[in-house]
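Colleague: I am new to reading helices in a model. Please take me through some.

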Amino acid sequence: MMRSLLALSVIALVATVLALAIGSVTIPPSELWAVIQGKGSMLHSTLVWELRLPRALAAFATGGLLAVAGALMQVLLRNPLADPYVLGLSGGAAVGALLAMLSGMGALLISGSAFAGAMLATVLVFGLAHGTGSWTASRLLLTGVVVAAGWGAVITLILALTPSYKLPGMLYWLMGDVSYARTPWPALLVLALAIAVIMPLARNLNVLARGSMQAAALGVSVRPLEWTIYLLASLLTATAVTTAGSIGFVGLIVPHMLRLVLGNDQRIILPASALAGGILLVLADTLARTVIAPEQLPVGVITALLGVPTFLYLLHRSR
Amino acid sequence: MSILQTRDLIINVPSRADGFPLSICIESGQVWGVLGPNGAGKTTLLHTLAGLLPARSGQVFLNNQALIELKRRAIARQLGLVFQERQDSFPATVLETALIGRHPWLSPWQSEQATDLQRAQQALATMDVDHLSERLLSTLSGGERQRVAIATLMTQDPNIWLLDEPTNHLDLHHQVKVMSLLRDQATLNKTVFMCLHDLNLAARWCSHILLLYTNGDACWGEAKTMLQPSALEQLYSQKLITVEVDGAPVFVPVCAGQ
């Protein structure tokens with residue numbers, strides 16, 4: 001199991017180097033090495049240290065956050081179709097972000113508003129699913145899906161009321177775009193903390209995947225564990241959405257791709273998701289910057305275009 | 001050695017009167033069988049004894065400690081359960097499934113040791129499913145899955161074994177195998193408490209019987225005093241013929257038309 005994590009770490013490093021070298025201006029390997037040693041040209045140094053590295057790190061963190069959040073949601077809801085957005089978190093974040101854009105706020109306020117929206121969505125679903133009756137995974141899922149549909153309607157309403165010159169920015173945000181990230185550090189920090197919190201719980205999650213009764217019979221305190229996962233996954237998703245808008249598919253596809261290859265032991269799947277999600281988004285963002293350079297594509301389009309065929313291939317050849 | 005006791009326990013079967021409060025003492029070395037018609041609350045009783053469902057009133061004690069005051073992990077080291085229904089949303093192999101039985105014994109950072117693996121493999125071998133170790137659970141037959149579930153409980157190795165219809169889906173040979181395994185565990189000072197539908201398995205292998213009626217009434221005691229044809233006929237609203245085979249009573253239902 002350590003071997004696969006090591007292999008993923010190496011791939012992550014290679015992907016990051018690619019992201020630093022490739023772009024509207026290509027930096028050859030020798031020149032990149034010089035820049036890393038602090039001897040490169042002014043232009044290349046600025047490109048690498050101030051533009052490409054922060055962006056690559058932000059992409060990595062966002063991908064990692066989404067993939068880990070997806071893996072957690074799938075176990076929490078005992079539903080392989082769950083993803084970080086299934087409970088309407090991205091909808092809440094999107095409404096927050098779009099309202100901020102509509103009223104012409106700056107980037108910082110857009111991020112803050114998105115985060116506030118995501119947390120509001122979390123609390124809303126949490127409160128509604130709690131209700132008066134018994135609390136079950138399927139009840140949480142239904143509440144989340146219906147609330148998500150509600151957010152969808154609000155998003156459409158906002159788009160319909162928005163003057164057309166503001167629409168492209170909003171659509172890019174909705175599709176996910178790493179260029180919104182100003183600094184990668186909060187996202188990286190949240191990702192590292194989340195892994196530190198979740199790893200000691202990983203075997204508990206393996207047992208929880210067998211159902212809450214079975215988990216309780218094997219010594220898991222189910223309710224506290226489920227709330228921990230829910231709040232943690234929400235925080236991860238909110239951080240990711242705040243960093244780079246709502247990027248689809250990463251949270252659904254990455255954990256499943258890994259499960260098809262590595263099995264369903266969360267002690268491997270969770271750290272592997274962080275790495276593989278990061279890799280996917282770094283590569284996708286590099287492509288998004290270069291395919292029609294100097295124009296940029298929204299990275300969400302690329303993750304879907306890369307992720308869907310890869311996933312279908314793995315699913316097809318799995319037993 | 002473990003003792004499971006109930007004091008004035010009323011299980012919470014929805015929209016049913018309280019019935020007769022259960023004050024039972026289930027001791028090590030005993031094999032208990034719970035008999036009763038569908039919906040009498042056998043599974044509810046089992047889950048209440050395991051602390052998975054709250055009682056309507058009364059209490060359950062594990063080694064003289066109130067169950068509700070114990071942590072789940074401490075309970076899981078003493079008491080294990082085979083469920084009637086199982087959930088498998090995610091693919092898992094047979095060996096992985098048996099290994100989760102070690103969960104209550106491992107600390108958060110600890111991974112399964114060689115001895116854990118050995119226990120799991122031994123349990124699978126006892127249940128004749130060791131050749132399926134690497135197969136996915138979802139590709140197994142109902143009986144094979146039932147045997148894997150019992151092997152998981154063996155791997156957990158608690159002192160108290162609660163089983164919800166352990167012979168479900170099993171062929172005759174494996175029914176006998178499981179029942180003898182349970183009796184052997186009891187002779188090793190474990191405590192066995194199970195719901196059963198087969199009167200004859202109960203008559204053959206249980207030392208104690210609890211009869212649970214649809215209205216919440218209950219009576220319990222040693223098997224030979226409890227397995228009276230008249231009581232069983234009333235329990236199931238079904239006429240029975242009793243014959244003796246191999247030293248144990250055998251109950252055969254009478255067809256309505258005859």
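Modeller: Start with α5(B), which is mostly covered: 13 of its 15 residues are buried. Buried means that 20 or more other C-beta atoms, placed from the backbone, lie within 10 Å of a residue's own; exposed means 12 or fewer, and partly exposed is in between. Helices are DSSP runs of H or I with at least four residues, strands are runs of E with at least two, and both are numbered from the N terminus.

Colleague: Where do the numbers and letters come from, and what kind of model is this?

Modeller: Residues count from 1 along each chain as its sequence is written, while chains are lettered from A and ligands numbered from 1 in the order in which they are written. The model is predicted: local features need pLDDT of at least 70, side-chain atom pairs count only at pLDDT 80 or more, and totals for chains, interfaces and linings use all residues.

Colleague: What span should the 15 residues of α5(B) have?

Modeller: The expected span is 1.5 Å times one less than the number of residues. For α5(B), residues 142-156, that gives 21 Å, and the end C-alpha atoms are 21 Å apart, so the two agree. After α5(B) comes D157(B), with a positive phi near 55 degrees.

Colleague: How many residues of α4(A) are buried?

Modeller: In α4(A), 12 of 14 residues are buried, so to speak mostly covered. Among them are L89(A), S90(A), G91(A) and M101(A). The buried residues of α4(A) pack against α5, α6, α7 and α11 of chain A. From first to last C-alpha, α4(A) reaches 20 Å, close to the 20 Å expected. G104(A) follows α4(A), and its phi is positive, near 70 degrees.

Colleague: How are two packed helices described?

Modeller: By the angle between their axes and the distance between the axes. Axes are lines fitted to C-alpha atoms, for helices over the stretch in contact, and angles run from 0 to 180 degrees between N-to-C directions. The axes of α4(A) and α6(A) come within 9 Å and cross at roughly 20 degrees. These two helices are therefore roughly parallel to each other. Under 35 degrees counts as roughly parallel, over 145 as roughly antiparallel, 65 to 115 as roughly perpendicular, and the rest as oblique.

Colleague: Which residues meet where α4(A) packs on α6(A)?

Modeller: Contact means C-beta atoms, placed from the backbone, within 7 Å. Residues of α4(A) including G91(A), V95(A) and L98(A) meet residues of α6(A) including A148(A), W151(A) and I155(A). The residues of this contact divide into 10 nonpolar, 3 polar and no charged. Ala, Val, Leu, Ile, Met, Phe, Trp, Tyr, Cys and Pro count as nonpolar, Asp, Glu, Lys and Arg as charged, and the others, Gly among them, as polar.

Colleague: At what angle do α8(A) and α11(A) pack?

Modeller: About 165 degrees, with the axes of α8(A) and α11(A) 10 Å apart. They are therefore roughly antiparallel to each other. The contact includes V190(A) and A194(A) of α8(A), and L232(A) and L236(A) of α11(A). Its residues divide into 10 nonpolar, 2 polar and no charged.

Colleague: How many residues of chain B are in contact with chain A?

Modeller: On chain B, 22 residues are in contact with 19 residues of chain A. The largest share of that side of chain B, 4 residues, comes from α2(B). By class, the side has 14 nonpolar, 4 polar and 4 charged residues.

Methods: Two residues are in contact if their C-beta atoms, placed from the backbone, lie within 7 Å.
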